[in-house]
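Subject: Structure for you to look at

Hi,

Here is the structure I promised to hand over. Please open it and keep it on screen while you read my notes.

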Amino acid sequence: MVVDLWAQGIEVPPLSSRQIAAEADAVLAEYAKRFGPITKPPIEIEDVATSVLPLTFGFSDLQSQLGGRVHGAIWFSRQHILIDDALNPDRFPDLLGRYHFTLGHEIAHWQLHRFLFLDEAGHAVLYGDEEMPDVICRKDHARPLIERQADEFAGCLLMPEWLLRPAWRMLTGSDDPICDCRLRELVPTIEPIRFLIDADGIEVQPDPIRLMREVFCESLADQFAVSDEAMRIQLEYLGLFAE
């Protein structure tokens with residue numbers, strides 16, 4: 001079932017950034033109990049889903065089945081996640097980072113939002129088509145609160161501050177933010193194609209500052225096995241890029 005929470009009188013409770021980061025850290029702490037301390041990236045997000053949490057996942061042509069730019073979906077009562085075939089890293093290894101973030105995003109819905117859909121016994125509390133996922137995640141510009149919370153959780157899960165700040169120090173030689181004027185001295189000339197096509201292959205308006213920051217943090221994105229875009233957003237969230 002795809003639930004219109006607003007129509008059913010259910011609002012997603014607000015969560016502070018600190019609360020969301022704490023929820024992600026709690027999951028990683030449970031991972032460390034089972035597999036040992038996490039001392040370096042990347043986070044083994046598939047193990048988090050299936051070994052720490054009671055989830056299964058797979059791939060399907062969600063864009064054909066559900067329409068639009070769907071990247072992922074979750075069925076809470078089945079404890080199951082599906083990721084769109086277009087992000088399958090076995091077929092599209094260059095999109096590994098986006099696949100990891102999408103899986104982290106669906107894990108976020110399980111951690112933060114399942115209580116809106118399930119009772120304490122794990123039974124559905126809302127009515128709808130059980131064959132349809134509870135939450136469908138699309139690549140849309142207008143993102144409701146439930147999706148913004150899941151994005152923030154995924155960032156904290158894949159790029160926890162306690163791993164990212166030391167990596168930033170190794171990259172820059174300092175704990176301090178880097179301003180855009182300094183980046184202009186450090187970042188080489190960006191290929192024109194990067195100003196025209198986004199990660200979905202869709203033509204977009206150029207944003208030179210965003211792209212300059214993403215080029216600068218490419219090596220960090222590789223370490224954490226996330227996309228350049230996800231890394232740039234997380235560094236901005238931590239205040240490590242400054243105007």
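Predicted model: local features only at pLDDT ≥ 70, side-chain atom pairs only at ≥ 80, totals over all residues.

One definition first: two axes count as roughly perpendicular when the angle between them is 65 to 115 degrees.

**The whole protein**

The protein has 243 residues, and 44% of them are buried. Its secondary structure comes to 10 helices and 6 strands. The protein exposes about 12,700 Å². Carbon and sulfur atoms supply 52% of that area.

**H8 and H10**

Find helix H8, residues 208-216, and helix H10, residues 228-237. Their axes are 9 Å apart and pack at an angle of about 100°. H8 and H10 are therefore roughly perpendicular to each other. Which residues make the contact? From H8 come Arg210, Arg213 and Glu214. From H10 come Asp228, Glu229, Arg232 and Glu236. By class, the contact of H8 with H10 has 7 charged residues, no polar ones and no nonpolar ones.

**Arg213**

Look again at Arg213, in helix H8. Is Arg213 buried or exposed? The cut-off for buried is under 20% relative accessible area. Arg213 has a relative accessible area of 9%, so Arg213 is buried. Set aside its neighbours within four places in sequence. Arg213 is then in contact with Asp180, Leu183, Arg232, Glu236, Phe241, Ala242 and Glu243.

**H2**

Next, go to helix H2, residues 45-52. Its buried residues are Ile45, Val48, Ala49 and Val52. They cover an arc of only 120° around the axis, so they sit on the same side of H2. Here is the general rule: an α-helix has 3.6 residues a turn, so residues three or four places apart point the same way. What do the buried residues of H2 pack against? Their partners are helix H1 (17-35), helix H4 (96-113) and helix H5 (145-158).

**Ala124**

Last stop: the loop between H4 and strand S4 (135-138), where you will find Ala124. Ala124 has a relative accessible area of 43%. Partly exposed means between the buried limit of 20% and the exposed limit of 50%, so Ala124 is partly exposed. Now locate Phe76, which is 48 residues from Ala124 along the chain. The C-alpha atoms of Ala124 and Phe76 are separated by 8.1 Å.

Best wishes

Notes: Residues numbered from 1 in each chain as written. Heavy atoms only, no water. Axes fitted to C-alpha atoms, helices over the stretch in contact; angles between N-to-C directions. Helix = DSSP H or I, 4+ residues; strand = E, 2+ residues; numbered from the N terminus. Parallel < 35°, antiparallel > 145°, perpendicular 65-115°, else oblique. Contact = heavy atoms within 4.5 Å. Nonpolar A, V, L, I, M, F, W, Y, C, P; charged D, E, K, R; others polar. Buried < 20%, exposed > 50% of the residue type's maximum accessible area, 1.4 Å probe, protein only. Arc of directions from axis to C-beta. Areas by Shrake-Rupley, 256 points an atom, 1.4 Å probe, with all protein chains shown as cover.
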